[in-house]
Amino acid sequence: MNKKLILKVIGLIMMIEAALLVVPLLLALFYHEHDWIYFLYTIIGSGVIGFVLYSLRCKKKTLHAQDGYFTVGLAWVVLAAVAAVPLCVSGYIPSYLDAIFETVSGFTTSGVTIMDDVEILSYSMQFWRIMTHWVGGMGILVFMLAISPVAGGGSAIHMLRAESPGPTTEKISPRISTTARYLYLIYIILTVLQVICLMITGLSAYHSTLIAFGTMATGGFSYSNASLAMLTVGQRNIVTVFMLLAGVNFALYFLAVTGKIKDAIKNEEFLWYAAIYVIGCVAMTISVCVRHVYDTVGDAIHRVTFTMAALITTTGYSCTNVDLWPWFAKHLILLLMFFGACAGSTAGGIKVSRVGIMIKSLRDSLHNLIHPRSVNRVRFNYKEVPHDVIRSVRFYFCLFIVLYAISMVIVSLDPKGDFITAFAAVDTTIGNNGIGLEGANGPFSGFAWYSKVVFIIDMLIGRLEIFPVIILLNSIITPAKNAGRAVIKEIRRHRV
């Protein structure tokens, strides 16, 4: 493992985060808030430590695949740890574990909160809290690669693959740095467009920016305890449109801009994504209308289309209490929370492409059982899916189920963790969704510390898609295990 180069990358990440913290610091000065001092302390600490690490000299300038996964996992932990400092030292979230929970939820775009009252936050602290969504949505490593590729020799693709959601990583340019710049340019343009649209409806620039950060990152943090219920119908419709846009593979926008609109529209994953959304909206609307949850059909359609967009894109915004919906709709919510949107988007979840490949792979396996001599090829998006991708998808599903089950068992030990609450809480964290049911429909402050640790790991697993987190945990546990064995061996030797 190239430890010096990994530390060098972490150093650059810490310096970038220090630079990003300047934004809420300036906002605190603008609003005459005392919180500027907490941002300044964090900027100095993160900047100095980052500079020292970045100054390390390393002869070997390449990272292997395992190094790339480890670097990404470690980078996200460091990001959350640094971002939690202002929230903790300011006293808004006194517990450092709770503060880390909040920032991990922010960076991973999960949108679940530990805070019982988010409206107590100052303008600058609220901005930083929701800004973590926007930074984590596209990925801080992608941003780093866009401005300053540190490692060479093909190392960048390992980090991009580890951070980019989906079974495969699409390059829209031969150079990774150019691909990263295109992705961020599209991300910024869509964010600015949403801010402008919301401001036209009368929302302030500050609040429009916060909502756009949460929408384009498919995060779900809000500056109000009521999420987005306080917005007008027109404003929520704008948010619905941009949530759906954020759930589309960003590479398709590049195709559309370069004149390949037909190729973008015919993309199979995009068609699956659109079909799931439409079918889900129809099923849920019928369900709530039959039970007369809302006074008018129009109100039901509006709230269902908004909730469904927040659900399938894993944004987690809400404008209604889904606990009042019939159980058919709630069961559908629990099912769709696993799916997520398109690969290459900012959404969490398993991803539509994985679901599609898995379904076609199972169909192919069933066909081979009936016709053993037949030779079939799994095709997705009009291309043959390589066998290693199919194997990776199956492995991902198996790991996902195992980790989900382990998390459920641990959370069930929590006094608050009845079956539905534990199921929904793990579902919303490992899927980076933010929409909860029963006991998980609200702040997570009531859970025990060990449940919070599980949720933090689950949120990282959901955003980084298991492998970087598993490699990071293994790299921490293995040396500790070896050291423990050495100590036991030494004790036995002295006894003899």
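Is helix α1 mostly covered or mostly uncovered, and how many of its 18 residues are buried? Select α1 to begin, and you will find it mostly covered, with 13 of its 18 residues buried, where buried means under 20% relative accessible area, exposed means over 50% and partly exposed lies in between, using a 1.4 Å probe and protein chains only. Helices here are DSSP runs of H or I with at least four residues, and strands are runs of E with at least two, numbered from the N terminus.

Before going on, note that this is a predicted model, in which local features need pLDDT of at least 70, side-chain atom pairs count only at pLDDT 80 or more, and totals for chains, interfaces and linings use all residues. Residues are numbered from 1 along each chain as its sequence is written, and side-chain values use heavy atoms, with hydrogens and water left out.

Next select Val-22, Leu-26, Leu-29 and Trp-36, which form a nonpolar patch on the surface with about 330 Å² of accessible area together. Such patches are made of residues with over 30% relative accessible area and no salt bridge, with nonpolar side chains (Val, Leu, Ile, Met, Phe, Trp, Tyr) joined within 5 Å and like charges within 9 Å, and the areas come from the Shrake-Rupley method with a 1.4 Å probe, only the protein chains shown counting as cover for residues. Helix α2 (residues 22-30) gives the most to this patch, with three residues, while Trp-36 is found in helix α3 (residues 36-54) and is partly exposed, at a relative accessible area of 30%.

**The aromatic rings**

Now show the rings of Phe, Tyr and Trp (for Trp, its six-membered ring), which pair if their centres lie within 6.5 Å and count as stacked with planes under 30 degrees apart, edge-to-face over 60 and tilted for the rest. By this rule there are 23 aromatic pairs. One of them joins Trp-134 and Phe-213 in a tilted arrangement, 5.6 Å centre to centre with 40° between the planes. Because Trp-134 lies in helix α6 (residues 123-138) and Phe-213 in helix α10 (residues 205-216), this pair ties together parts that are 79 residues apart in sequence. Trp-134 counts as buried at 16% relative accessibility, and Phe-213 is buried with a relative accessible area of 10%. Both belong to one aromatic cluster, whose members include Phe-30, Tyr-123, Tyr-187 and Phe-250.

**Charges, over rings and in bridges**

Select Arg-129 together with Phe-221, and you will see the arginine over the face of the ring, at 4.0 Å from the ring centre; a charge sits over a ring if NZ of Lys or CZ of Arg is within 6 Å of the ring centre and within 35 degrees of the ring normal. The side chain of Arg-129 also meets that of Glu-102 in a salt bridge (2.8 Å, N to O), a term for a side-chain nitrogen of Lys or Arg within 4 Å of a carboxyl oxygen of Asp or Glu. Arg-129 counts as buried at 3% relative accessibility, as does Glu-102 at 1%.

The structure holds four salt bridges. For another, select Lys-452 and Asp-98, whose side chains meet at 2.9 Å, N to O; this pair links helix α20 (residues 449-464) with helix α5, 354 residues apart. A further bridge joins Lys-360 and Glu-268 at 2.6 Å, N to O, and because Lys-360 lies in helix α17 (residues 352-370) and Glu-268 in helix α14, the pair ties together parts 92 residues apart in sequence.

Move to Thr-109, in the loop between α5 (96-107) and α6, where phi is near 60°, a positive value in a residue other than glycine; Thr-109 counts as buried at 0% relative accessibility. Ser-227, in the loop between α10 and α11 (233-246), has a positive phi of about 55° although it is not a glycine.

Finish at Arg-291, in the loop between α14 (268-290) and α15 (297-312), which counts as exposed at 59% relative accessibility. The C-alpha atoms of Arg-291 and Pro-326 are separated by 7.2 Å, although these residues are 35 residues apart along the chain.
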